[in-house]
Amino acid sequence: MFEAEQKRLEEQILSILTQQDIFVSELKWTQIPFTGEWGITTSFFATAAAEARNGKSVVVPRRAQEIAEMVANGLGTPEGFTKCEPVRGYLNLYFSTVEYAHRVLTEVQVKGDAFGKLSRKSQRVMVEYSQPNTHKPFHVGHLRNVILGSAVCNILDWAGYDVIRANYLGDIGLHVIKWLWGYLKFHQGETPAHDMVRWMGDIYAEATRHFEEDPDVEKEVRQLFGRWHNGDPDIEALWLKTRQWSLDAFDQIYRMMGVEFDRYYFESEVEKPGLELVDQLIQDGIARDERPQDSVIVPLDELLGLENDYRVLVVLRSDGTSLYSTKDLPLAIQKFNEYDLAKSIYVIDVRQSFYLRQIFKTLELMGYPEYAEKCHHLAYEIVNLPGNVTMSSREGTVVLLEDLVREATQRAFQIVAEKNPELSEAAKKEIAFAVAMGSIKYSMLSKDNTKVVTFDWERAMDFNGQAAPYIQYAYVRAGSILRKAGGTVGTIEHPASDLHPTEVQLIDVMTRIPDVIQRAAEEYRPLHVATLAYDLARAFNDFYNQCPVLKEDGEIRAFRLHIVAAARQALGNCLAVLGIVAPDAM
RNA sequence: GCCCCUGUAGCUCAAUGGACAGAGCGCCAGACUUCUAAUCUGUCGGUUGCAGGUUCGAUUCCUGCCAGGGGCGCCA
């Protein structure tokens, strides 16, 4: 947010030091890391180290401090700053807080909901996430993907990219046929109860049990798969009808989670292009057909002259049926052909890292190196149950999403009813849901993508501490002050007196939002935004406890109201990026 | 066997190669006639898995170990 100042200072520093025949290494600017101190800082260790490397006999830290002192003397106190201090090799420049606070508040006020957004880049990025299998239950294990993928989309959007949110549905495969078999065998003619997800999940678990226990069932299922492949109209009709039940259920879940998609791809649609592509690969000598004894493979290491690196990618079963890879290859290309993508991101759990590396390498060998290098696997760790038990719909070790949301909402409802009994039933419900869903989202977004999440009922129900409600509550408090004050009005005046340290800290944290969004987008890590949102809420609570607003009058009251309005805006924007609803009361 | 990820306070997690490694939870002791206490203040808590190396400076980068998790030709 202070690029202009930094650039101006850099020029001055450069001219001061070149006069002394000191070659300046690149200057990196950061915020002064001490709470309550507001300003920017840089250091001269790199500059001193470069001198040492060039044969000058200097002790780096001492020399860095010498240079910092030299610069400080040369700069004096630059315009807009109150102090310029050389400390242990660092050069600390302290803002004139009144002036800068005014500037920041004005910026937040003017930009409003767009505060923190970066300029548009005119680059399209596709993010594929969620990828649920139809005919299977949607459980807590699937949650992280949706929450992460959606948040990354928001972050990229805020960072200036044109984001295409894509979903890739596993609407065909053995799991679907197993389900159809189970339906025909034990539930023919039944229609889904109101609890559709559970109903379909139960049928799936039942069918899987038979499939695994009875070898004859496998034969029957394979036979059924054959009928599907041959386009048996009865089977096709049943498949489409039951698939729709699943899609409706997913739709409901996405709506509940506040998540949306621009483009749906179906696995069933890319199977045929995949089969054709494999033929082409064989013709081109990229794939080797070892049928009927073996499968069709892309011998990656052999083609690349490597050993034990990319290994071998199987692209077609020996019986000629398709695999994931059969479909992923054409789909990857289709995405680029359909949209002119600068980046194609796959939000898929870490267990598929090696597989995706193979897919991207195969794309390269197929003659699409420019696509391959734009593909990126955004890997995240899975959500386990305590005792390192992986959720599996086959084994029935799952916590259903709706159960989690219901329990969490109930718990939140009790608390709202306690805190705010005068609210209407509907309002309480709405708030409870926002708190529950926000907590679930925040608990996953505030951990790094590479960390395993262990699902724990007790912790999922805990709304205290560093969690969404803390941030939502700060937002509510800010709104409450503004409401009682009748809203803020007019332009922001310079306050007559110095700012309170908590005011400075709060404004300081606000200014970091654009940079944090930028970094979160570069690294695909919502964690940074989650942390910032919390820091902001904490800074606001400090301010709230130490700086009365409504009790003051005149300039101080007016100025603090603007701080409150800006803080509310900043909190709301951060929550929006995370996909968490900001309620008006709690 | 090879590859990837993780290892930081009792627990769950932070920390663009920089200043004193920070939060939350839990424990204990406090603060509501106040702008909503879903809040705040204070106390306790560390050989950043181990050993080397690079660097002026390493939780961060490199190497080797140790521990846990995941992956490695017809599952998705």
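## Largest cavity: contributing elements

Helix H9 contributes the most to the lining of the largest cavity, supplying four residues. Two elements, helix H7 (196-213) and helix H9 (233-257), each give two or more residues to this lining. The model under discussion is a predicted one.

## Largest cavity: volume and lining

The largest cavity holds about 50 Å³ of space. Its lining consists of Lys136, Pro137, Phe138, Val197, Met200, Ser246, Ala249, Phe250 and Ile253. Sorted by class, these comprise seven nonpolar residues, one polar residue and one charged residue. Lys is counted as charged, and the lining includes Lys136; Ser246 is also among the lining residues.

## Second largest cavity

For the second largest cavity, the space amounts to about 40 Å³. The residues that line this second cavity are Ile147, Ser150, Ala151, Asn154, Met257, Gly258, Val259, Lys441, Leu578 and Gly579. Helix H5, spanning residues 140-158, gives the most to this lining, with four residues.

## Overall count

With a threshold of 30 Å³ or more, the count for the predicted model comes to two cavities.

Technical notes. Residues are numbered from 1 along each chain as its sequence is written. Chains are lettered from A and ligands numbered from 1 in the order in which they are written. This is a predicted model: local features need pLDDT of at least 70, side-chain atom pairs count only at pLDDT 80 or more; totals for chains, interfaces and linings use all residues. Side-chain values use heavy atoms; hydrogens and water are left out. On a 1 Å grid over the protein atoms alone, a cavity is a set of points where a 1.4 Å probe fits but cannot get out, and a pocket is an open set with protein on both sides within 12 Å along at least five of seven lines; lining residues have an atom within 4 Å of a point. Grid points are joined across faces, edges and corners, and a volume is the space filled by probe spheres set on the points.
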